[in-house]
Amino acid sequence: MTDAMEGAALYDQLIVERAGKPLFAGRLELPDKVGEGKNPLCGDKTRVELGLEQHHITAVRHHTRGCAICLAAADLMAEHIMGLTPQQ
């Protein structure tokens, strides 16, 4: 297997794993900030809720309806923004 094929397989595996068992899916009880987005071409929808403490993101949840790539992307984004400020 070439390096490119191994990379593609890992990418595919990550999408399947995060779409099947997202770590940050759900809702916050009292979010400090909420954002929503919709892709008009395919109908994917994502709602992101943030919990803030001292201007830093301390909690993130997303409610996503869409394809596996959309679900995985929302979950990976949520993981990535933990600890950042909303401006970041």
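The protein has an accessible surface of about 6,200 Å², and carbon and sulfur atoms account for 57% of that (Shrake-Rupley method, 1.4 Å probe; for residues, only the protein chains shown count as cover). This is a predicted model, so local features need pLDDT of at least 70 and side-chain atom pairs count only at pLDDT 80 or more, while totals for chains, interfaces and linings use all residues. Residues are numbered from 1 along each chain as its sequence is written, and side-chain values use heavy atoms, with hydrogens and water left out.

**Overall layout**
- Two helices and three strands make up the secondary structure; helices (H or I, at least four residues) and strands (E, at least two) are DSSP runs, numbered from the N terminus.
- Going along the sequence, you get the pattern α-β-β-β-α.
- Of the protein's 88 residues, 26% count as buried, meaning under 20% relative accessible area, with exposed being over 50% and partly exposed in between (1.4 Å probe, protein chains only).
- Take the contacts (heavy atoms within 4.5 Å) between residues at least 6 apart in sequence: 43% of them join residues at least 24 apart.

**A19, in the helix at 3-20**
- A19 sits in helix α1, which covers residues 3-20.
- With a relative accessible area of 18%, A19 is buried.
- Leaving out residues up to four places away in sequence, A19 touches A68, L71 and A72.
- There are 57 residues along the chain between the positions of A19 and L76, yet their C-alpha atoms are separated by 9.8 Å.

**The cysteines**
- The disulfide count is zero, where a disulfide is a pair of cysteine sulfur atoms within 2.5 Å.
- For C67, the closest cysteine sulfur is in C70, and at 5.5 Å that is too far for a bond.
- Seen from C70, the closest cysteine sulfur is the one in C67, also 5.5 Å away and too far for a bond.
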